[in-house]
Amino acid sequence: MTQFRLADRVAKLPPYLFAEIDRLKAEVKSQGMDIISLGIGDPDLPTPDFIIEALHASAKKPENHQYPSYTGLLSFRKAVADWYKTRFGVDLDPDNEVVSLIGSKEGIAHFPLAFIDPGDLALIASPNYPVYPVATGFAGGESLILPLTPDNDFLPDLDAVSDAQWDRAKVIFVNYPNNPTGATAPREFYEKLVKKARDTGTILVSDAAYTEMYFDAAKKPLSIFEIPGAKDVAIEFHSLSKTYNMTGWRIGMAVGNESLVKGLGKIKENVDSGIFQAVQEAGVAALTQGEPYAASFRAIYKERRDLAVPALRKMGLDCRTPDASFYLWCRVPAGETSAGFVSRVLKNTGVVVTPGNGFGAPGEGFFRIALTVGKQRLEEALSRIASL
Ligand SMILES: *Cc1c(COP(=O)(O)O)cnc(C)c1O
């Protein structure tokens, strides 16, 4: 069979860093070892019933069986705007400042096609969600990594970027609460970021998928739009995936600066045909009635966090206590690499954790634990790691 040559943009993709883990996982499994995966950022809890019931009712309506509108149902965009108002005190115009997405990954992946030209620079706070540099590369842009480390509290050093780099930068990507580190951004950082983006004419992309996974009601994560002037320069990606255990449903949203939202919409109009309206109506139910459920999920993740962090520290592992997200970010033991440690844990215990370098070079020397198994399995995983 003819082997067709891949397009350069695909051939140039960085090697898939989890390939070795996947191989090892299959090997360990074939030996009959019980695998506990703390590897993937996908909630283990089911979607609340009332959302499923809303889907069921909406799916029966014939008008929902046709092509949806490109920008999303107005009722969904209104629910998004109302949710932003209630949660963050932010005003959004549902007609011009909200677009529905087939999950926020879809929007993040398409966004650079609307705004990045070949040779443009994207600043990427890293360790990072891999989609930012990949999508930048698909659009012909280049990425400049801004390292997030314990020394800078996992906040990019905006002053370390030269004037020439700011000049060339078309966009900066940040993600708080952060995957994979669990770090959150204080208001002062966001103020500085918005000022810098405005002063330099840089598009500010905020990936806010985890704002509802917080553990201290006194320190609720912010939307970038709580900062005055942010709408001048920013677009924020959000999602129902993590908040309401809806990763499989594929529904999210982008909000903010009208020209940015509309530019993204232009790409989408030419690529997809929107989200099944029944899913959007279920999304309206989630956004308008989901808060008590989101609160109960927070309590579950907090219990897991408070179980895991002390146990890992007792083993001598240096782990952050995250204020938000369901991730723990820990240093690998001295003298080991991320890949080496993760392989050793998997081979000897059957527990899957994620090597930090899979999220970019600044993640080397760390590993990520996703708190996405129940308490008993988590306890079992921890005791296996302790006996390593
Ligand atoms: C999970 C996640 C998303 C959300 O993905 P969806 O496509 O909305 O399911 C976005 N950004 C980050 C950093 C994530 O971890």
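Colleague: How far is an oxygen atom of the ligand from an N or O atom in the side chain of lysine 242?

Modeller: This is a predicted model. A pair of N or O atoms within 3.5 Å is read as a polar contact. Here the distance between the ligand oxygen and the N or O atom in the lysine 242 side chain is 3.3 Å. Serine 239 places a polar side-chain atom 2.6 Å from an oxygen atom of the ligand, and for serine 241 the value is 2.6 Å.

Colleague: How much of the ligand's accessible area does the protein cover?

Modeller: On its own the ligand has 380 Å² of accessible area, and the protein covers 94% of that. There are 13 residues around the ligand, and those that come nearest are Asp207, Tyr210, Ser241, Lys242 and Arg250.

Colleague: Now the sheet. In what order do the three strands stand?

Modeller: Strands of a sheet pair through backbone hydrogen bonds, in a parallel or an antiparallel way. In this case the order is E9-E12-E11, the sheet is open and the pairing is antiparallel.

Colleague: Why is one side of E9 and of E11 left without a neighbour in the sheet?

Modeller: E9 (327–331) and E11 (354–355) are at the edges and have a single partner strand each, so one side of each has no neighbour in the sheet. E11 is joined to E12 (residues 366–370) by two bridges, and proline 355 sits opposite phenylalanine 367 of E12.

Colleague: Which helix packs on the sheet?

Modeller: Helix H11, residues 291–314, touches E9 and E12, and its direction makes about 5° with that of E9.

Methods. Residues are numbered from 1 along each chain as its sequence is written. This is a predicted model: local features need pLDDT of at least 70, side-chain atom pairs count only at pLDDT 80 or more; totals for chains, interfaces and linings use all residues. Side-chain values use heavy atoms; hydrogens and water are left out. Two strands pair if DSSP finds at least two bridges between them. Helices (H or I, at least four residues) and strands (E, at least two) are DSSP runs, numbered from the N terminus. Contact means heavy atoms within 4.5 Å. Axes are lines fitted to C-alpha atoms, for helices over the stretch in contact, and angles run from 0 to 180 degrees between N-to-C directions. A residue is near a molecule or strand if one of its heavy atoms lies within 4 Å of it. A polar contact is a pair of N or O atoms within 3.5 Å; within protein, one must be able to donate a hydrogen and the other to accept it, and residues adjacent in sequence count only if both atoms are side-chain atoms. Accessible areas come from the Shrake-Rupley method with a 1.4 Å probe; for residues, only the protein chains shown count as cover.
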